[in-house]
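Here are my notes for going through this one with you. Have a look at the sequence and the fold first, then read the points in order.

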Amino acid sequence: MKPRERVLVVDDEKLIRMTLRSRLEKEGYEVQEAETGAAALSLLQEEEPELVLLDYRLPDTDGIEVLRRTRELRPGVPVILMTAYSSVGSAVEAMKLGAYDYLDKPVRTDDLMATIAKALETTRLRREVQHHRSEQERLYGIANIVGRSKAMQAVLQMARKVAGSAATTVLVQGESGTGKDLVAKAIHYASSRAHEPFMNITCSALPDTLLESELFGHERGAFTDAKQQKKGLLELADGGTVFLDEIGDMGLGLQAKLLRFLEEKAFKRVGGVRDIQVDVRIIAATNRDLERAVREGAFREDLYYRLKVIPIALPPLRERREDIPELVHHFLEQFNRELKRNTRRVTPEAMACLVRYPWPGNVRELRNVIERIMILENREELDVTDLPEEIVQHQGAPSSSGEGGEDETEETSSDAPALSLELPAGGVSLRAVERELVRLALERTRGNQSRAARLLRISRDALRYKVKKFGLD
């Protein structure tokens with residue numbers, strides 16, 4: 001059951017307090033009363049009501065002083081001031097001090113209830129926005145980016161410096177899936193712009209004509225479907241950050257208009273004649289080689305150097321393999337919460353496979369693999385058998401030495417003897433052939449998995465996967 005919102009009524013007239021209590025309780029509010037300013041402030045020190053109804057004339061003080069102290073004690077609580085002695089000066093002073101509204105007595109009860117409802121709705125929305133911003137800062141803060149490798153620490157150090165600077169253009173480069181958007185959000189939420197909007201758009205997702213309208217806005221009648229004026233992202237994000245993802249795919253014509261904005265901090269809406277000034281930080285990102293694009297004439301050289309004032313290069317996951325175990329555990333925790341699972345660990349063999357794999361899709365691919373596994377499995381421990389076969393089979397990096405110090409890496413000798421097999425007339429299951437070969441290798445090596453893996457030209461981790469897959473012991 002939703003708790004009732006509490007209203008503090010401060011008035012020295014008992015009849016008024018009783019009348020207001022009766023109506024407020026009928027509307028579903030919980031009511032507290034105080035007949036003096038001192039009593040009201042004492043209550044405010046102990047508890048926080050959702051709203052204060054405050055009389056201007058009190059026996060021990062005036063409402064303006066109580067309002068001033070209320071704003072100090074409970075700055076988020078709306079105050080509605082009521083008075084039978086209204087004046088322009090007192091009304092102006094009350095509003096300057098942060099009163100939500102200033103009403104003349106006698107107050108029509110229906111009007112008062114409507115004002116209270118509106119004030120409480122405004123407060124709820126403000127708290128929701130504040131909670132959302134706090135949650136965004138918690139989720140996307142620099143401290144939440146996983147990576148203890150030297151390469152990632154250098155990136156995070158640069159992000160902190162940029163966030164604390166007055167830099168208005170940043171260029172983040174890296175392969176797809178490396179987390180360029182996370183770095184952009186981390187810079188925004190660690191900066192003085194954190195309480196202003198963060199707007200993002202993917203430049204490759206829209207044709208240039210529509211992208212221009214989305215960025216700069218348009219005037220009514222600027223083109224066929226422009227039935228009303230529209231503000232663009234740059235205007236809406238005034239004071240905050242605009243993240244332009246995949247900027248390497250932006251057309252040359254629009255690049256020129258973006259360059260003008262970066263140079264002059266002003267733009268015109270599509271179809272407009274008036275310059276609009278805004279203060280935004282532009283963070284551009286791309287997985288393309290912009291220097292090469294400049295040489296090929298696909299990207300403006302002047303825009304490239306204007307964006308590259310602060311360059312940040314994100315390393316691919318294969319170049320920071322030491323971060324993989326930490327990333328895996330980070331995603332385990334995340335999907336335990338989201339999918340209501342209880343997976344606590346990954347076996348050393350499975351982790352070795354994950355570290356060895358080159359991850360062409362980078363961190364995004366690793367995240368997707370962990371998510372898929374946890375959707376399909378609900379165990380405390382993930383093993384090699386839970387991993388996709390392409391990850392288990394990959395032999396791109398050496399694994400640790402195995403039993404008796406024997407090398408467990410895949411042998412790729414080109415002079416390995418050819419295997420002669422006969423295909424039965426009725427056909428045969430490829431799975432059955434693979435199972436039989438694994439069984440024969442284990443039989444020949446008397447169960448020594450390292451030697452059996454060498455015979456089959458696979459790693460010991462891959463052999464263990466197949467042993468479990470085929471139910472061999």
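**Notes on the model**

1. Let's start with N362, which sits in helix 15 (helices here are DSSP runs of H or I with at least four residues, strands are runs of E with at least two, and both are numbered from the N terminus). The phi of N362 is near 60°, a positive value in a residue that is not glycine. Most residues other than glycine have a negative phi, and most peptide bonds are trans. N362 is buried, with a relative accessible area of 0% (buried means under 20%, exposed over 50%, and partly exposed in between, using a 1.4 Å probe and protein chains only).

2. Before going on, keep in mind that this is a predicted model: local features need pLDDT of at least 70, side-chain atom pairs count only at pLDDT 80 or more, and totals for chains, interfaces and linings use all residues. Residues are numbered from 1 along each chain as its sequence is written, and side-chain values use heavy atoms, with hydrogens and water left out.

3. How confident is the predictor? The score is pLDDT, the predictor's confidence in each residue, from 0 to 100. The protein chain averages 89, and 93% of the residues score at least 70. Confidence is lowest in helix 4 (residues 88–96), with a mean of 78, and highest in strand 13 (residues 281–286), at 98. Over residues 397–414 the pLDDT is below 50, and this stretch has 27 contacts in the model beyond near neighbours in sequence (a contact means heavy atoms within 4.5 Å).

4. K340 is found in the loop between helix 13 and strand 15 (345–346). Is K340 buried or exposed? K340 is exposed, with a relative accessible area of 70%.

5. There's a cis peptide bond to look at too: it runs from K105 to P106, with omega near -5°. P106 is in the loop between strand 5 (101–104) and helix 5.

6. Now for the inside. The largest nonpolar core has 38 residues, of which V328, L354, W359 and L366 touch the most other members (such a core is a set of buried Ala, Val, Leu, Ile, Met, Phe, Trp, Tyr and Cys residues joined through side-chain atoms within 4.5 Å). Helices 13, 14, 15, 16, 17, 18 and 19 each give two or more residues to this core. Leaving out residues up to four places away in sequence, V328 touches V346, M351, L354, L366 and I370. A second, separate core has 31 residues, including C203, A237, L258 and F267.

7. Helix 19 (residues 460–470) is largely enclosed by the rest of the structure, because eight of its eleven residues are buried. Its buried residues pack against helix 14 (348–356), helix 16 (389–393), helix 17 (430–444) and helix 18 (449–455). G471 follows helix 19 and has a positive phi, near 70°.

8. In helix 8 (residues 208–216), the buried residues are L211, E212, S213, L215 and F216. Among the elements they pack against are strand 7 (198–202) and helix 10 (252–264). K257 lies in helix 10, and, leaving aside neighbours within four places in sequence, K257 is in contact with E212 and F216. K257 is partly exposed, with a relative accessible area of 41%.

9. On a 1 Å grid over the protein atoms alone, a cavity is a set of points where a 1.4 Å probe fits but cannot get out, while a pocket is an open set with protein on both sides within 12 Å along at least five of seven lines; lining residues have an atom within 4 Å of a point. Grid points are joined across faces, edges and corners, and a volume is the space filled by probe spheres set on the points. The largest cavity holds about 30 Å³ and is lined by V346, L354, I370, I373, L382 and L387.

10. The largest pocket has a volume of about 1100 Å³. Its lining has 36 residues, with L182, H330, F331, Q334 and R367 nearest the centre. Which helix supplies the largest share of that lining? Helix 13 does, with eight residues.
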